[in-house]
Amino acid sequence: MSGAYKHVLLAVDFSPATEPAARRAVELAQHYGARLSLIHVVEYLPVPLDTELLLPPLAGVEEQLVENARRCLAQT
């Protein structure tokens with residue numbers, strides 16, 4: 001099939017608004033026998049060195065965001 005999809009990339013944010021795009025991505029991948037990949041971006045949260053000692057709870061926020069994203073991806 002000329003022009004067929006070989007790889008479908010779906011960007012997800014785990015919100016309900018993602019669901020229609022996810023359904024369409026699955027349909028396209030199945031129809032063309034394409035590979036389906038999901039991507040989720042966790043925003044980098046820079047902590048200025050001068051406030052790092054004042055805000056220790058923020059040190060683990062990025063790791064928590066990454067872990068939450070992993071759990072959500074595992075559920076999809």
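The model is predicted. It holds 2 salt bridges, one between E27 and R24 and one between E67 and R71.

- The side chains of R24 and E27 form a salt bridge, with an N to O distance of 3.3 Å.
- Helix α1 spans residues 19–32 and contains both partners, which sit 3 residues apart, about one turn of the helix.
- E27 has 43% relative accessibility and therefore counts as partly exposed.
- R24 also counts as partly exposed, because its relative accessibility is 47%.

- E67 and R71 are joined by a salt bridge in which the closest N and O atoms are 3.8 Å apart.
- Both residues belong to helix α3 (residues 61–75), and their spacing is 4 residues, about one turn of the helix.
- The relative accessibility of E67 is 36%, so E67 is classed as partly exposed.
- R71 is partly exposed, given a relative accessible area of 44%.

- With a relative accessible area of 31%, L73 is partly exposed; patch residues need over 30% relative accessible area and no salt bridge.

Conventions
Residues are numbered from 1 along each chain as its sequence is written. This is a predicted model: local features need pLDDT of at least 70, side-chain atom pairs count only at pLDDT 80 or more; totals for chains, interfaces and linings use all residues. Side-chain values use heavy atoms; hydrogens and water are left out. A salt bridge is a side-chain nitrogen of Lys or Arg within 4 Å of a carboxyl oxygen of Asp or Glu. Helices (H or I, at least four residues) and strands (E, at least two) are DSSP runs, numbered from the N terminus. Buried means under 20% relative accessible area, exposed over 50%, partly exposed in between (1.4 Å probe, protein chains only).
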